[in-house]
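Okay, everyone, thanks for coming. Have a look at the structure on the screen, and then I'll walk you through a few parts of it.

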Amino acid sequence: MSPEYSLRSLLLIILATFSANASNWLYLAKLSSVGSISEEETCEKLKGLIQRQVQMCKRNLEVMDSVRRGAQLAIEECQYQFRNRRWNCSTLDTLPVFGKVVTQGTREAAFVYAISSAGVAFAVTRACSSGELDKCGCDRTVQGGSAQGFQWSGCSDNIAYGVAFSQSFVDIRERSKGASSNRALMNLHNNEAGRKAILNNMRVECKCHGVSGSCEFKTCWKAMPPFRKVGNVLKEKFDGATEVEQSEIGSTKVLVPKNSQFKPHTDEDLVYLDSSPDFCEHDLKNGVLGTSGRQCNKTSKAIDGCELMCCGRGFHTDQVEVVERCSCKFHWCCSVKCKPCHRLLEIHTCRCPPPPPPPPPPPLPVMQPLFH
Ligand SMILES: *[C@@H]1O[C@H](CO)[C@@H](O)[C@H](O)[C@H]1NC(C)=O
Ligand SMILES: *[C@@H]1O[C@H](CO)[C@@H](O)[C@H](O)[C@H]1NC(C)=O
């Protein structure tokens, strides 16, 4: 290897590490509570934060518990949305939380970045509305009469504050110097798409006022969608994610679809750079648990079906007895009595990979004839 070549590859490794671990702050989700972050020194001990996030932590101590909550929401939602896929969003107890799965620019990484930045925006906004934070409260700019004839009033979710906080905290690494690398552009795009999934799905909630429940007067406010809705939207974006590559418009670097036949992605779409591994084999070094031992659906032809889930290794079937409540009767007043019913359920589980072949038996000792 020429010295010049090795220097270049070293630089590439440093650059890759630089933007690849931009999700390390998700490690906050592993803390049982940072409600106890009441002192600035605690910020320096938090694992996974880069120096500029530590500075933000010190300046926004009261918001940090929402950041932790946002990270937890994101991981829970990711595990729900991916429960039937080969990679089920499993986390490790080390950094990065999702292993190398998110250090490559895959669609899985795109989803993780989007749901995490949405998680922070959501949790911070929630905390504003519930009056937990001194720095923000409800959005009182939503006031007055509406075209539909109701009154805006009450506590509208202050999504602008939550989104702005998420932009500063989550995007901070990419917004610093290395912001023109492919990966930084990908992360920034997906972070923004995650926040858009909340912004574009804000809803109007109302309360009726009037004589005996009539809806003579209606007061309404703007509310965030439930986080499950955000997860559903982003999972759809994951399924239709666009593979992109870098291009230059003037002197600005941008991501464009790799296949020029495809229509360009919008701000709300997810984009990725690298194709995903198949996630079949156990590969702890890369944070992939593999699919042996996973439950699968015998009749499904989709990714949750045994054929695809088990990567063709086969599966085994166990019968388990489940006890359910049945023949329930309502008794006046007021109880419901049920009988226990026993039902046999078949559970299909992906087989483990075949064990390595046993070592060949030792050669038989050559018998020396004792007598001739
Ligand atoms: C994900 O799959 C692994 C096996 O590959 C299993 O041990 C783990 O419990 C699953 N996690 C979730 C959250 O479903
Ligand atoms: C298995 O897949 C079939 C076909 O997609 C579906 O109808 C069924 O509800 C699934 N079963 C379970 C237990 O998820």
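This is a predicted model: local features need pLDDT of at least 70, side-chain atom pairs count only at pLDDT 80 or more; totals for chains, interfaces and linings use all residues.

Residues are numbered from 1 along each chain as its sequence is written, chains are lettered from A and ligands numbered from 1 in the order in which they are written, and side-chain values use heavy atoms, with hydrogens and water left out.

So, helices. Two packed helices are described by the angle between their axes and the distance between the axes. Helices here are DSSP runs of H or I with at least four residues, strands are runs of E with at least two, and both are numbered from the N terminus. The axes are lines fitted to C-alpha atoms, for helices over the stretch in contact, and angles run from 0 to 180 degrees between N-to-C directions.

Let's start with helix α4, residues 64-81, and helix α5, residues 107-129. Their axes come within 7 Å and cross at roughly 135 degrees. That makes α4 oblique to α5; the scheme is under 35 degrees for roughly parallel, over 145 for roughly antiparallel, 65 to 115 for roughly perpendicular, and oblique for the rest. The α4 and α5 crossing is right-handed, meaning the near helix is turned clockwise from the far one by less than a right angle, with anticlockwise being left-handed. Residues that meet here include Leu-73 and Ala-74 from α4, and Ile-115 and Val-120 from α5, where contact means heavy atoms within 4.5 Å.

Next, how does α5 sit against helix α6, residues 159-170: at what angle, and how far apart are the axes? The angle is about 135 degrees and the axes are 8 Å apart, so α5 and α6 are oblique to each other. This crossing is right-handed. Among the residues meeting are Val-124 in α5 and Phe-165 in α6.

And then there's helix α9, residues 227-239, whose axis comes within 10 Å of the α5 axis, crossing at roughly 155 degrees. α5 and α9 are therefore roughly antiparallel, and their crossing is right-handed.

On to the ligands. Which residues surround ligand 1? They are Gln-79, Asn-88, Leu-289, Gly-290 and Arg-294, each with a heavy atom within 4 Å. One oxygen atom of ligand 1 is 2.3 Å from a side-chain N or O atom of Asn-88, and a backbone N or O atom of Gly-290 is 2.8 Å from an oxygen atom of the ligand. On its own, ligand 1 exposes 360 Å², and the protein buries 54% of that; these areas come from the Shrake-Rupley method with a 1.4 Å probe.

Ligand 2 has Asn-297, Thr-299 and Ser-300 around it. An oxygen atom of ligand 2 is 2.3 Å from a side-chain N or O atom of Asn-297. The protein covers 26% of the 370 Å² of accessible area that ligand 2 has on its own.

Last bit: local details. Most residues other than glycine have a negative phi, and most peptide bonds are trans. Phe-279, in the loop between β7 and β8, has a positive phi, near 60 degrees. The peptide bond from Cys-333 to Cys-334 is cis, with omega near 20 degrees, and Cys-334 is in the loop between β9 and β10.

Note on methods. A polar contact is a pair of N or O atoms within 3.5 Å; within protein, one must be able to donate a hydrogen and the other to accept it, and residues adjacent in sequence count only if both atoms are side-chain atoms.
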